[in-house]
Amino acid sequence: MQTYHFTLPSSSGEDFNSADHLPLIVYFYPKDSTPGCTTEGLDFNARLEQFKDLGYTVVGISRDGVKSHQNFCVKQGFRFELLSDKDETVCKLFDVIKLKKLYGKESLGIERSTFVLDKEGHIAHEWRKVKVAGHAQEVLDTVSAS
């Protein structure tokens, strides 16, 4: 069983080491300050205390830089860290870089995905091709039942 440990620069200004924050909910999203990504972040933020009560840390990951993440967090009031994966190392580790089509144009981008890592750093649950509506609640329901 593969162990998922990684370190990335964070919106906090520090490096985030996943091994120090297990169990962990990691959600990958395409771009800061876009409608779907804003809604998803707000949904996780609204449930953050419930995740913490269950022992989970929540982080979001995209290819945006730390400064963009910091602005996004301040503007939306996010109380969790956003991690910058500019070189796509962690995106590739979780296999979330996919060929996407927008207006008939193909490009490689992040497929909205969420992973729950257990105390050892193994994937306990995963969601791929995530639809934003109701997703954060579904993740909360799943970890509550675990």
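This is a predicted model: local features need pLDDT of at least 70, side-chain atom pairs count only at pLDDT 80 or more; totals for chains, interfaces and linings use all residues.
Among the residues you'll find along its lining are R63, D64, K100, K101 and K105, along with P30, K31 and L102. Two strands, β6 (97-102) and β7 (105-110), each put in at least two lining residues, and β7 gives the most, with 5 residues.

Now for C37. UniProt lists this cysteine under "active site", in an unreviewed entry. C37 sits in helix α1 (residues 35-46). Is C37 buried or exposed? Its relative accessibility is 2%, and because buried means under 20%, C37 counts as buried. Looking past its neighbours within four places in sequence, C37 touches Y29, P30, K31, F72 and R112. Two of those names, P30 and K31, also turn up in the pocket lining.

F72 leads us on to helix α3 (residues 66-76), where F72 is one of the buried residues. Here's how some of that helix sorts out:

| Group in α3 | Residues |
|---|---|
| Buried | H69, F72, C73 |
| Exposed | K67, V74, K75 |

Which residues of α3 are buried? They are H69, F72 and C73. These cover an arc of only 100 degrees around the axis, so they end up on the same side of α3. K67, V74 and K75 are exposed on the other side. As for what covers the buried residues, the list includes α1, β4 (57-62) and β5 (81-84).

Key. Residues are numbered from 1 along each chain as its sequence is written. Side-chain values use heavy atoms; hydrogens and water are left out. UniProt positions are given in the numbering used here, feature names are shortened, and annotations may be inferred rather than shown by experiment. Helices (H or I, at least four residues) and strands (E, at least two) are DSSP runs, numbered from the N terminus. Buried means under 20% relative accessible area, exposed over 50%, partly exposed in between (1.4 Å probe, protein chains only). Contact means heavy atoms within 4.5 Å. On a 1 Å grid over the protein atoms alone, a cavity is a set of points where a 1.4 Å probe fits but cannot get out, and a pocket is an open set with protein on both sides within 12 Å along at least five of seven lines; lining residues have an atom within 4 Å of a point. The arc is that of the directions from the helix axis to the C-beta atoms.
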